[in-house]
Amino acid sequence: MKPDGAPVSTHALSTKTARRLAAVDRFLTFIRVFLVALIVVGLLAFIWQQFDADNPFARWRNPGARSLTGDQFKGLLISGLSQGSMYGLIALGYSMVYGVLGFINFAHGEVFMVGAMTGFIASDKFQANGMWESNFLFCLALIIVMAIFFSTFIAVVMERVAYRPLRNSPRLIPLITSIGVSFFIQNFVLGLFGPSSKSYPRLPEWLSKQRSILTFEIAGTRLLVLVVAAVSMVSLWYVVERTKTGKAMRAVAEDKEIAALMGIDVNRTIVTTFAVGGAMAGVGGILWGLMFRSVTHMTGFLPGVKAFTAAVVGGIGNLGGAMAGGISLGSAESIAPMVILEPLGVPGVSQLKDAVAFTVLVLVLLFKPSGLFGERLSSEDRA
Amino acid sequence: MNLRTASIPASPVDQDWRHVARWGVICGLVLVGLCLVGMPVELDKRAIIERYLSLGYVFVLIVPIIMGYVSATLVRLEGVENRQQGAFDLVTGFVVGLIGGGLLSLFMVALDSWNLRDPLVNWSPKLFRFLTYENGMGFGAVAWLSTCAVLGLIGASLHVVPALVRRAVSFTVLGLLFLSILEGAIDDLLEGFGLESLADWIYAKKGGLTPTSTIVVGLVIAVVSLVTRGQVKAATTRYREMEGAERQKASMLLFVVVAALCVVLPIFLGKIMNELLANVGIFLLLALGLNIVVGLAGLLDLGYVAFFAVGGYTTAVLTSPNSPWFAPELHFSVTLVFVVLAAALTGLLIGAPVIRMRGDYLAIVTLGFGEIIRLLFMSDWLGPYFGGAQGITNIPGVDLGFATVKGTDPRSVFYLVLVFCAIAIYTSWRLQASRLGRAWMAIREDEQVAEAMGINTVNAKLMAFVVGAVLASFSGAVLAAKVGSVFPTSFMILVSIIILVVVIVGGMGNIAGVMVGSFVLIGVLGGPKQPGLLQEFQNFKLLIYGILLVFMMLKRPEGLVPSARRTRELHQEEFLQDAWIKGDKLDSDDEDDEDDGGAEPSVAPAAMSGGGEGGEEE
C-alpha cells in the first residue's frame, strides 16, 4: 500500500468498484426479471388453458394442453399440503437450531431419517405379530413415541459430541462438521441395516380409504399425516410460547450471554432445543414412512435440504414461519410443475420437482432473504 | 468462561474415575459399533501379516490402544496441574480397555443368544466366529477381556515410556501397517524395477507380509527410526529458516524431485496402479480448484460438482459422435477452449446470485445449484440435448498424433492429468501470492474489513468461482475422455462432499496439503466410485470420510499439512491466551508454533474441549 498515492487510487477504485457492483446488480435484476417473467407467462398460459384449452396461447409451447379438472387440482393441493407439513416438521428443527446457535445443522435430515428407520423396524415387528392390524392406533402411538425417542437421542448426542466443542468457532466450521455428521449417520445406518429399501406395512383399510371432506377427495393416510402434523405443531407452539423452558429457549436465541446472566442454563437450553427439534423430525419421519412407505439410508438427504429451504422461505428462527414455509414449499413443489412448467412446454415435469424446490430457495434468497414471514435472529447472527 | 477453576472438584481422583468409566464405555460402544457395521468381517479378507493378523482384527485391536492413549491424556489434563505421569495413567488405560473388552464380550453373549439378523444385517454367525476366533464363547470372552485390557495399557503406557522406545515402537507399527496397506503399490513398483524376488520375500502369496519379513523389516524400521531421530524435524526447521535465494533453491530442488518422481514412476507401474494414479490426479485437480474457492476465498461451495459436470458434458457433446443433438466431433484440444468458456460462464451464473449471501446460505444454495444442474442433465426436458439418464457414450480418447489417451491405457491418462495438475498447481501457487490471492484471503478472514480496505469483494469472489470452475471443468473433461461416457449419476452431490473432505483433511488453503489429502484419501480409500488401494474399504469409505471430516473439524481444523496463515486464523484465541500466559512474548511464540508445524495447536483444542466437559459435569 502506498500512502502517498492513496487518495487518488481510492477514488479511482471506488468509481470502478461502483461500476462493477452495478454490473452484478444489473445481472441480478436481469435474473429476477427473467424468472418472474417465466413464472408469469407460465401462469397466464395455464389460466388460458383452464378457460379454453384450444386457444393459440396455450398451444404455443404446449401443443397437448388440456385443462386440469378441479379434482386434479385439489389432488395436487392435498398432496402438496401433506408433503409440505412434513417439510414443516423438519424445518422446525433447522429453524430452532439456527435461531439458537446460528448455524445450519446439515445433519438434521439424518435425524429425520433415523425416526423413519425406527418406525420401520418397530412397525415391521408389530406387523409380524399381528398387532399392526388388530390394534393399529396403539401401535401408531408406540412407533411415534419410539421414533421421537431415537431421533431426540441422536440429535442430543450429535450436539454433545460434535457441536458443543465448536460453540465459539467461525461460522462455517460447525456447518462443515454437520456435513460430516450427516455423512457418518447415513453410512452408519447403511452399515447397520443394509442398502435395501425398507417398506412400511400397509395401513389398515379402515384408515387408508378415500374420504371426502368439504368436496376434497382425500386419502386417509394423507388425512392422518395432516392431523398428526397439526397436533405436533400445536404442542410445539405450546412448549415454546407457554412454558418456562420455551421462554428460556427464546431468551437464549435472543442473546446467550444475557440469558446466562438471568440465570438460564444455556447449555441445557441448547440441548433442549436440539431435543425438541429432533422430536419433531422423528414425528416427520414416521409420517414420511406411512405416506411413502419406503425408507433407505438416503431418505434424509433431500427432505433435509428442502426443509432447510422451507425454513428460509418462512424466515429462519421463526417457528410459525417454518411451518408455513414448509406448506408453501410443498404446495409449490407439487403445483408448480403442472401449473408453470407444463404450460411452458417442458416435458417430464414430475422429474423437475426437486429442481423446483431449489429454485424456490434461490428465488426467496434473491427477492426476500429474510423470508416471507421475517427472520427472528439474535443481533449477532443477523449479519 | 473462566469459571472452570471453581468447578475443579476437591478430590481430582473421583473426577478421574468417572472419566475412566466413561471412556471405557465409549471404547466398548465403538467396538460394538464397528462389529455391527460389519467392518471386521469384511476387512478380515485382507491380510496384514500372513495367517496371524488381518485388517479386520487390526481395526478392532486399534480401538483400545487409541482409547487408552486418549483417556490417559485427558486424565492427565484434567487432574491436578503438572501431575506426574505414571501409574495412574497405566491404570486408566487398563481399566478403559477392560471395560471395552467387557462390553464386547457382553455383545458376544447377545450375539450368541438372540437372533437380530432381521433389522441388523451384520448380526451373523460369521461375526460370532470372527469374535471368538472359532474357539467358543468362553475363550472369546477371556481373550477379548485380556487383549483389550493389555492394549489399553499399551496405549496408555505410550505416555510413560521413554521417548526413544515410544518412537521406535510407534514407527515400527505404523511402518509395517503402511507397508502392508500399500502392498499393491509397492509390489507393483518392485516388479516394475525387476525386483520380484524382494516382493516375493516381503509379501506372502495370498497377500499380507510374511512373518519373517515382518520381523526383519520391523527391526530395520525401528533402527532407522532411532538413527534418524530428530533429523527430520531439524531438516524442516532448517528449511523454514532459510531465506531468499537459498530457500528458493531448496524449494526448486524439492519440486524437481517430486516432478521427476511423478514423471518417471508411472513407467514402472502396472495398469492397476496407473489407473489409481489417474483417479488421484482427476480428484487432485478438482481438489485444487475447490481449494481456491473454499481454502483461499472461504466460500463454501457444496455444488462444486456442477462445474465438473459442465466440463464432462461439454467435452462429451463436442467430441462424441453419439451426442444426440449436436455432434461436431471436435478434437479434445479444441474442445478445451469451449470447456473453459462454458465453465467460466457457469461459474459466473452460479456465482452472481450467491455472491451477497451469508456464508452458510451460500453453501446451501450452491448445493441446490449442483442438484439442479444434475437434475437438468437427467431430465427428459434436456434429454434431446444431453441424452438424459442414458448419458452420452462413445467419447473418443485424446488423439495426440503419436499416442491416444484413453481409459484402456491409464498411464497416458495419468500423464494427461499430470499436465493439467501442473497447470493447476502453478496457477494456484501464483494466484496465492498475487494481489487477487491476498484479496481472497482477506475476504476469508473478514469480509467487511476487506471491503473497507478497498478490496473489490464482488469481483474477487466471482473470480474465485470462475477459477475454481475452470479447474473443475478440466477435471471433468479428462474424466469424460478417460471413461468414454458421461452419465448424470457420475455427478452426485457426494462428489462435492468427498472433494471437500479431501481439501479439509489435507489442509485448506495449502497446495501441498491438498496434494497429500488426495493421495492419502483417494489413493488409499478411493473416490466416490473408484476403488483405492484398500478395495475392501469400498463399503466403509464414506463412513470413514464422515468420521474424518468431523474429527478434523473438532481437533485439527487446519488440516494435516496446515497453511501457517490459516492455522493462526483458526487458533487465534488460543495463541493470544498462550501469549498472555507466557507474559506477552507474542513474537517468540509465533515462531514456536511454526516450528512445531501445528503440534501444539492440536493439543490445545483437546485440552479445551476436555476442560469444557469437566466443567459441564458439575
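Helices (H or I, at least four residues) and strands (E, at least two) are DSSP runs, numbered from the N terminus. This is a predicted model, in which local features need pLDDT of at least 70, side-chain atom pairs count only at pLDDT 80 or more, and totals for chains, interfaces and linings use all residues. Residues are numbered from 1 along each chain as its sequence is written, while chains are lettered from A and ligands numbered from 1 in the order in which they are written.

**Stop 1: a tryptophan in a loop**

Select B:Trp325, which sits in the loop between helix 15 (305-319) and helix 16 (332-354) of chain B. Is B:Trp325 buried or exposed? B:Trp325 counts as exposed because it has 12 C-beta neighbours inside 10 Å. (With C-beta atoms placed from the backbone, 20 or more other C-beta atoms within 10 Å make a residue buried, 12 or fewer exposed, and anything in between partly exposed.) Now show B:Pro384 and B:Tyr385: neighbours within four places in sequence aside, B:Trp325 is in contact with these residues. Contact here means that the C-beta atoms, placed from the backbone, lie within 7 Å.

**Stop 2: where chain B touches chain A**

Next, show both chains: 46 residues of chain B are in contact with 48 residues of chain A. Helix 17 of chain B gives the most to the side of chain B that touches chain A, with twelve residues. By class, this side of chain B has 31 nonpolar, ten polar and five charged residues. Ala, Val, Leu, Ile, Met, Phe, Trp, Tyr, Cys and Pro count as nonpolar, Asp, Glu, Lys and Arg as charged, and the others, Gly among them, as polar. For the complex, the predictor gives an ipTM of 0.86 and a pTM of 0.86.

**Stop 3: a helix pair in chain A**

Select residues 70-101 (helix 3) and residues 220-242 (helix 9) of chain A; these helices pack at an angle of about 30°, with their axes 9 Å apart. Axes are lines fitted to C-alpha atoms, for helices over the stretch in contact, and angles run from 0 to 180 degrees between N-to-C directions. Among the residues that meet are A:Leu81, A:Ser85 and A:Leu89 in helix 3 and A:Val225, A:Ala229 and A:Leu236 in helix 9. This contact has nine nonpolar, four polar and one charged residues.

**Stop 4: confidence in chain B**

The mean for chain B is 81, and 89% of its residues reach 70 or more. Over residues 1-11 of chain B the pLDDT is below 50.

Technical notes
pLDDT is the predictor's confidence in each residue, from 0 to 100. Two residues are in contact if their C-beta atoms, placed from the backbone, lie within 7 Å.
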